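Dear colleague,

Please find the structure below.

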Amino acid sequence: MEEVVENNTGNYERERVPESQRKRWLSISMVWIAIGIDLSGMFMGVSLSQGMDFWTAIAAIMVGSIVLGILAIGATYVGAKAGLSTGMISRVAFGKNGAALMGLIMGISSLGWFGVQIGFFAENIRGAIAQLTGASMPLWLLSLIGGGLMMLSAFWGYQAIEKLCTYSVPLLAVLIIVATIMSISNNGTSGLATPPQGTPITFGLAVSLVIGVYMVGVVMAPDVARWAQNPKEAMIAGFIGFTVGNSFMIIISLILVKVMDTADLTAVFFALGLGIPSILVLTLAQWTTNTNNLYSASLDFSIVFRKVNPKLITVISGTLGILMAMLGIYGKFETFLSIITVLVSPIAGIYMIDYFFYKEKYEFSYESQLKDYYPIAIISWVVGSIVAFMTSAPPAGFGLFTMTNISALDGIIAAGICYFILTKLTKGRN
């Protein structure tokens, strides 16, 4: 694609990542695994432990994670082959101005979740510090510190995120596995056979929940996959990253809850005498995950505000997210964010079909031929969004019917099919 501005950031927000800067699959896998090791996965494990027996829950986790990995193969292939961010890919699929709308929606979604996750981090880290020291830290201060760390790594771009994840993933894995081994050593494995105590969760619903935790990550996968040396490296990294990254924390928390007979994972760590390591786990887990939310938001807004320096966009976006958390409003608009997230998912169905059938649009020479809008892409996105809303449970949707039990996946499938049919009927003239 074009070089809109001279790149001074080394992050290639508005251009193709040069071949000389591409990475091997292992380092890219580390980024996705790190994104998957977060508090959302921990609490998903808690939910499944209360509604399912252990081995059924394990099966649901593995099925859901493998489905995610398969979906990631398509998205990562496009990202690596095109060498472009999700926002730039949408520019080709939706047109120069049509992409501004898509970038705005994706950016708001990523930035909103960045703010929510900062607040989530602050609440959990405050609880851990209180148990360790008896002191009650103000949420605004913890939000400022945590959000500042996350913004710092996003500011320096993918290179900083890669280094953070490369060093933190092995440390996180060791700390979490040690806690799991200690809990089993102290309490045995009899707790794994304990019947669920909460509201029953069906196998299909469990698979849907597992996929839902990381579904938007699949849509935004090109943001990371564009750094892969080639499509094969990207697809290997994507499959491993999304299957292991999504399943690891859910399975570990499921084991800990069953063995220790408590849904309070912070209390589990403290009961094992791992108070300080628990704070380290909470910090690193959210840092590696949430910095990617801001990274993706900055890439998306760079397509919307094309004359603004990308570094400034990152600072402004990060500051807004931190302020949301500091003011305590992060928990008051999660329904709005869920609605926005539903609007994001169909974009992946469109750009995957667009790339696989119309590769010539992604060559540098095609840039001058890009239109302001491609109506068929926008129509297909509307169709996919409507389907996703119809299959989403209230309050984010209407819950009128189900397809796959995963509204985001429903949106991807519907938008992709619609785009494929319409482009074939018009012989690709969109």
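How many disulfides does the structure hold? It holds 0 disulfides, where a disulfide is a pair of cysteine sulfur atoms within 2.5 Å.

Before the details, a note on the basis of these values. This is a predicted model, in which local features need pLDDT of at least 70 and side-chain atom pairs count only at pLDDT 80 or more, while totals for chains, interfaces and linings use all residues. Residues are numbered from 1 along each chain as its sequence is written, and side-chain values use heavy atoms, with hydrogens and water left out.

Buried means under 20% relative accessible area, exposed means over 50%, and partly exposed lies in between (1.4 Å probe, protein chains only).

Turning to the cavities, the structure holds 2 of 30 Å³ or more. On a 1 Å grid over the protein atoms alone, a cavity is a set of points where a 1.4 Å probe fits but cannot get out, and a pocket is an open set with protein on both sides within 12 Å along at least five of seven lines; lining residues have an atom within 4 Å of a point. Grid points are joined across faces, edges and corners, and a volume is the space filled by probe spheres set on the points.

The largest cavity has a volume of about 60 Å³. Among the residues that line this cavity are Phe155, Trp156, Tyr295 and Lys311. At least two lining residues come from each of α6 (139-155), α12 (275-304) and α13 (310-326); helices are DSSP runs (H or I, at least four residues), numbered from the N terminus.

The second largest pocket has a volume of about 190 Å³. Its lining comprises 12 residues, and Ser49, Thr194, Gln197, Val257 and Asp261 lie nearest its centre. Helices α2 (39-51) and α10 (231-260) each supply at least two residues of this lining.

Finally, Pro395 lies in the loop between α15 (375-391) and α16 (407-425). Pro395 is exposed, because its relative accessible area is 60%. Residues up to four places away in sequence aside, Pro395 touches Thr335 and Ile339, contact meaning heavy atoms within 4.5 Å. Pro395 and Thr335 are 60 residues apart in sequence, yet their C-alpha atoms are 6.7 Å apart in space.

Yours sincerely
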